[in-house]
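Student: I have a structure open and would like to talk it through with you. Could we begin with the strands and then move on to the charged side chains?

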Amino acid sequence: MFCCRRKKSSSQRRFGAAGSLCVGLLLNANGGQILADDQVRLIGAELAPYAYHAQGQVVGLGVEIMQEIGRRLGHSGDVSLMPFKRAFQHTLTQPNVLMTPVARVASREGQLQWVIHYIDDRFFYVSRAGSPKLTHELARQGGTFGVLAGSAPLAQLRQGGVNNYLEQTRDTANINMLRVGRIDGWFTSAILFSAALKSNPELSPADFVIGDVQSSHCVYIVASNTMPQTLLGPWQQAFETMRIDGTVAEIVGRHLGPELQALLEDEQSSIVCGNP
């Protein structure tokens, strides 16, 4: 019911819009709604189990981490899914973008800000059941090895001095070639291996021999070097709250099986996330 409405003065009319904006900004400072939605864009680089399409939605471990942080800050939770190269370039050049997953490797130091470290991963060779465990040293001696094109495992394979490899755009191809004997091993990571098993339910870890861990890395949500700490801080603080209250562990548990989680935790203390 509108009662006793007074006619606005000229000064009230002149500053009404500005006043409304100021009120909105003040509400934003208290509630976080406008700030989160209007100023931060979320991007997932397409790589299961971190970020991928399923049943018409963008889902995944990294996506769920970002969405839960955003939910606590009043963010819409909308995540744009892109191929890694395009997602990485957007993050470097567009304002106020958060992106995941990005492995912290030496070649990326200085290019962006490492905002939130939410999981560690292990790299190893996978071979057929009954085969010996593979290492970089054995791989350099001969054979052919499959690896996911443009991936962190590929970078680690090259760093290990292994040049006799075949790049595939999908790990399903690596699995199929390994099963029929077209390659001697598949170099991957614990998390990518877990995703491959989930997408191929007819397979079992017992069908393969997992080699010793060859290297490890930290997985991050990243931002450009120009994104201000005033925007990053609330996201980092919300994540820390999630870590303490068990939400991060719960999300990880939904995406990784207990065997793979145990593998990731075996050498947890050996990883130092800083300048590699």
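Student: Let's take strand β11, then: is it mostly covered or mostly open?
Tutor: In this predicted model, strand β11, which spans residues 215-224, is mostly covered, with nine of its 10 residues counted as buried.

Student: And which way does β5 run against it, parallel or antiparallel?
Tutor: Strand β5, residues 97-103, pairs with β11 in the antiparallel sense, and three bridges make up that pairing. As one example of a residue pair, M99 has V222 in β11 as its bridge partner.

Student: How many bridges join β6 to β11?
Tutor: Strand β6, residues 112-128, is joined to β11 by 10 bridges, and these two strands also run antiparallel. Within β11, the residue that stands opposite Q113 is A223.

Student: Where do side chains point along a strand, as a rule?
Tutor: In a regular strand they alternate between the two faces of the sheet.

Student: OK, switching to charges. How many salt bridges does the count come to?
Tutor: The count comes to 10 salt bridges. One of them joins the side chains of E64 and R254, with an N to O distance of 2.0 Å. That pair links distant parts of the chain, since E64 belongs to helix α3 (residues 61-73) and R254 to helix α10 (residues 247-255), 190 residues apart.

Student: Which other salt bridge does R254 form with a glutamate, the one at 3.1 Å?
Tutor: The side chain of R254 also meets that of E250 in a salt bridge, at 3.1 Å from N to O. Both residues lie in helix α10 and are four residues apart, which is about one turn of the helix. E250 is partly exposed as well, because its relative accessible area is 49%.

Student: What about E202, which residue does it bridge to?
Tutor: E202 forms a salt bridge with R179, and the closest N and O atoms are 3.9 Å apart. This pair, too, links distant parts of the chain: E202 is in the loop between α8 (190-199) and β10 (208-210), whereas R179 is in helix α7 (residues 171-180), 23 residues away. R179 is partly exposed, with a relative accessible area of 45%.

Student: Last one: which residues are linked in a network of salt bridges?
Tutor: The network of salt bridges links E68, R71, R72 and D245.

Definitions and conventions. Residues numbered from 1 in each chain as written. Predicted model: local features only at pLDDT ≥ 70, side-chain atom pairs only at ≥ 80, totals over all residues. Heavy atoms only, no water. Buried < 20%, exposed > 50% of the residue type's maximum accessible area, 1.4 Å probe, protein only. Pairing = 2+ DSSP bridges. Salt bridge = Lys/Arg side-chain N within 4 Å of Asp/Glu carboxyl O.
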